[in-house]
Amino acid sequence: MQDTDAYEILDGHAERGLVLLADHATNHLPKHYGSLGLPDTAFARHIAYDIGIEALTRLLSARLGVPAVMSRFSRLLIDPNRGEDDPTLIMKISDGAIIPGNHPISPEEWNHRIGTFHRPYHDAVSRTIAAVAAASGKAPLVLSLHSYTPAWKGVARPWHAAVLWDSDHRAVEPLLHHLRATGDILVGDNEPYDGALKGDTMYRHCMMTGTPHALLEIRQDLIGDDAGVAAWAERLAPIFDSLNADPALHRYEVHASRTGPYPID
């Protein structure tokens, strides 16, 4: 296991060919940032992290025996699921909460956060995916875990979970099928929001490289305690195992992004 201010890598059997990611795993801030001028209650909200995802990722990584990469800093500091040129990389306001520690922010501090937190996290993701590819001798399957609020701006979200994606449907279709097969949950397909985001983690590490992948969101009230996390780990582990056993999900195949052409190096 590697643990830094930017990321934590959970050990697993790389030869299995599966990688789990958790971009918004924690609400941590390095001590010298204090609370960014926010009350403590802000760090229990979705604006700081994806509630329930750290615990779920740990359980799934252990149960499946596969590596996982988790961020170790709050998205309030800098959002690892955004491209470096995205204007929402460091938020000034998030869901009505003004973030004093992010505004004003100097170009030097902006670049410092990229270099100290954002890039090291993505470097760890790249290394882990490459290590799994080398150990398994095939394209890894990458599954990214997130969570979302039960309601947004007063409107309830009926979906228990959602699969978000751009244009590479290979892992998406079987994941949706398995999730819906039990008939006891409502699963969104690019709802409550669209999964095509230029420069985000899936774009950077999977869309551009042709690596099979899917992003799964779970409603936060369903994984807000240990019992909920355990229940969803029980639900997801056999599904992830089934996807990982499919040879079609271990081949490189680049799909054009709905966000536009890929950047040229």
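pLDDT is the predictor's confidence in each residue, on a scale from 0 to 100.

**Figure 1. Confidence along the predicted chain.** The model shown is predicted. Across the protein chain the mean pLDDT is 96, and 98% of the residues score at least 70. Confidence is highest in strand S3 (residues 18-22), at 99, and lowest in strand S1 (residues 2-3), at a mean of 50. Where pLDDT is low, the predicted coordinates should not be read in detail.

**Figure 2. The largest pocket.** The space in the largest pocket comes to about 760 Å³. Its lining consists of 35 residues, of which His24, Arg75, Asp79, Arg82 and Tyr193 are the closest to the centre. By class, the lining holds 14 nonpolar, 11 polar and 10 charged residues. At least two lining residues come from each of strand S7 (141-148), helix H4 (201-207) and strand S12 (213-219).

**Figure 3. The second largest pocket.** Residues that line it include Arg82, Glu84, Asp85, His118, Lys198, Tyr203, Arg204 and Pro263. Five of the lining residues are charged, three are polar and three are nonpolar.

**Figure 4. The salt bridge between aspartate 50 and arginine 75.** The two side chains meet with an N to O distance of 3.1 Å. Aspartate 50 lies in the loop between S3 and helix H1 (53-64), and arginine 75 in the loop between strand S4 (68-71) and strand S5 (93-94), so the pair links parts of the chain 25 residues apart. Aspartate 50 has a relative accessible area of 2% and is therefore buried, the limit being under 20%. The whole structure contains 15 salt bridges.

**Figure 5. The salt bridge between arginine 72 and glutamate 54.** Here the side chains meet at 3.3 Å, N to O. The partners are 18 residues apart, with arginine 72 in the loop between S4 and S5 and glutamate 54 in helix H1. Arginine 72 counts as buried at 13% relative accessibility, whereas glutamate 54, at 22%, is partly exposed.

**Figure 6. The salt bridge between aspartate 166 and arginine 258.** The closest N and O atoms of this pair are 3.7 Å apart. Aspartate 166 sits in the loop between strand S10 (161-164) and helix H3 (172-181), and arginine 258 in the segment after helix H5 (226-244), 92 residues apart. Aspartate 166 is buried, with a relative accessible area of 5%, while arginine 258 is partly exposed, with 45%.

Note on methods
Residues are numbered from 1 along each chain as its sequence is written. This is a predicted model: local features need pLDDT of at least 70, side-chain atom pairs count only at pLDDT 80 or more; totals for chains, interfaces and linings use all residues. Side-chain values use heavy atoms; hydrogens and water are left out. On a 1 Å grid over the protein atoms alone, a cavity is a set of points where a 1.4 Å probe fits but cannot get out, and a pocket is an open set with protein on both sides within 12 Å along at least five of seven lines; lining residues have an atom within 4 Å of a point. Grid points are joined across faces, edges and corners, and a volume is the space filled by probe spheres set on the points. Helices (H or I, at least four residues) and strands (E, at least two) are DSSP runs, numbered from the N terminus. Ala, Val, Leu, Ile, Met, Phe, Trp, Tyr, Cys and Pro count as nonpolar, Asp, Glu, Lys and Arg as charged, and the others, Gly among them, as polar. A salt bridge is a side-chain nitrogen of Lys or Arg within 4 Å of a carboxyl oxygen of Asp or Glu. Buried means under 20% relative accessible area, exposed over 50%, partly exposed in between (1.4 Å probe, protein chains only).
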